[in-house]
Amino acid sequence: QSFVAWWFHERFGAGVAFALSGSFPLLAAAATLGVLSPSGNEVGPFLPIEQAALTQEVDPGRRTGVFAWYQLTGALATATGALAGGASAEALQRAGLAPLASYRAVFAAYAAVGLVVAALALGLSPRVEAGGGGPRLGAHLGLHRSRGVVLRLSALFSLDAFAGGFVVQSFVAWWFHERFGAGPALLGGIFFGANVLAGLSALSAAAIARRVGLVNTMVFTHLPSNVLLVLVPLMPTLPLAVGLLLLRFAISQMDVPTRQSYTLAVVEPDERSAAAGITGIARTVGAAVAPIAAGPLYASAALASLPFALSGGLKIVYDLALWRSFRHLRPPEERR
């Protein structure tokens, strides 16, 4: 509880820095320490704690469904934030505020929300924390029996996140603005719809996983979404490009609750937090590296569509490698 509350105080500090400062070194430090997410999705070191707590509270047969609702709740919140942020910035600009000042006002609201979430975290019961008496003898980074499985999953998840780093929400918003002249309010609406569809698709993923298994659901819902991603920049008009992007989001996030559920199902109970943390770090590192290569591509009119193809192609490689490596390693509920 204290850790989560402290982290959201860091988010508060980052929001205040972006609302008040124009110093790039300070803003870079604030974004790093406060973990401002360029994708719009939640990131941070407390996510593994949340996932481990959820896993220990439910039966294995309900785990994926719980993670689906967890994903849906986050997606709806992200969608609402995208809509509110874009609409607020545009409304402030129409009221006479300069664009920079309007964006700073949005960051001030972000900082205020950080304080509210910190207060909510302090109100959680200690019962949400997983027990276990600490790592076993011989454990390394909190892992023992499942070390090899977690490291292989981490490598694959890092590749997937690296591929996703080419098309983070901020880059795609920039691409829609440069290619079709989309404004802040329209962009907010686009990503509101995208995140709502992504969240709703998570519920479908839980139902599919009950029939075909977690790994098959991860792979065979992810593959077509990556083909759609490659096709987005080939669309000649804004409605077609947005329609294809929304269709892609309607199936692209089905692997998220299944991935989280699978990772925590194939490890020992006392390894869950470590497994979620290590795979989460791997994804963060992969996602952090990709924008270094993606930024110059988006800056070039001739190459601005290439990140979509690179992302989709690498994600297809990830899907096939994941299916080949883990199709035979089933979670407990599927073994029965």
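Figure 1. Arg259 is buried, with a relative accessible area of 10%, in a model that is predicted rather than determined by experiment. Its side chain meets that of Asp255 in a salt bridge, at 3.5 Å from N to O. Asp255 counts as buried too, because its relative accessibility is 3%. Both residues belong to helix 11, where they sit four residues apart, about one turn of the helix.

Figure 2. The secondary structure comes to 14 helices and zero strands. Of the 336 residues, 43% count as buried. The accessible surface comes to about 16000 Å², and 69% of that belongs to carbon and sulfur atoms. Among contacts with a separation of 6 or more, 81% are between residues 24 or more positions apart. How confident is the predictor? The chain averages a pLDDT of 83, and 88% of the residues score at least 70. Among the elements, helix 1 (residues 2-20) has the lowest mean pLDDT, 68, while helix 13 (residues 306-326) has the highest, 95.

**Figure 3. A salt bridge between two loops, Glu268 with Arg145.** A search of the whole structure finds six salt bridges, and this view shows the one in which the side chains of Glu268 and Arg145 meet at 2.7 Å, N to O. The pair links distant parts of the chain, 123 residues apart: Glu268 is in the loop between helix 11 (255-265) and helix 12 (272-299), and Arg145 is in the loop between helix 5 and helix 6 (147-164). Is Arg145 buried or exposed? Arg145 is exposed, because its relative accessible area is 54%.

**Figure 4. Asp160, Arg283 and Lys315 in a network of salt bridges.** These residues are linked to one another through a network of salt bridges. In one of its pairings, Arg283 forms a salt bridge with Asp160, and the closest N and O atoms are 3.1 Å apart. That pair links distant parts of the chain, with Arg283 in helix 12 and Asp160 in helix 6, 123 residues apart. Asp160 counts as buried at 2% relative accessibility, whereas Arg283 is partly exposed, with a relative accessible area of 22%.

Figure 5. Thr217 lies in helix 9 and counts as buried, because its relative accessibility is 1%. Which residues does Thr217 touch, not counting residues up to four places away in sequence? They are Ala205, Ile208, Ala209, Val212 and Thr258. Leu231 also has its place in helix 9 (residues 214-231), but at 33% relative accessibility Leu231 counts as partly exposed. Together with Val227 and Leu234, Leu231 makes a nonpolar surface patch of about 260 Å².

**Figure 6. Helix 5 from end to end.** Helix 5 (residues 99-122) has 24 residues, and its first and last C-alpha atoms are 36 Å apart, close to the 34 Å expected at 1.5 Å a residue. Along this helix, look for the buried residues Ser102, Ala111, Gly114, Ala118 and Ala121.

Methods
Residues numbered from 1 in each chain as written. Predicted model: local features only at pLDDT ≥ 70, side-chain atom pairs only at ≥ 80, totals over all residues. Heavy atoms only, no water. Patch = residues over 30% accessible without salt bridge, like charges linked within 9 Å, V, L, I, M, F, W, Y side chains within 5 Å. Areas by Shrake-Rupley, 256 points an atom, 1.4 Å probe, with all protein chains shown as cover. Salt bridge = Lys/Arg side-chain N within 4 Å of Asp/Glu carboxyl O. Buried < 20%, exposed > 50% of the residue type's maximum accessible area, 1.4 Å probe, protein only. Contact = heavy atoms within 4.5 Å. Expected span 1.5 Å × (residues − 1). pLDDT = per-residue confidence, 0-100.
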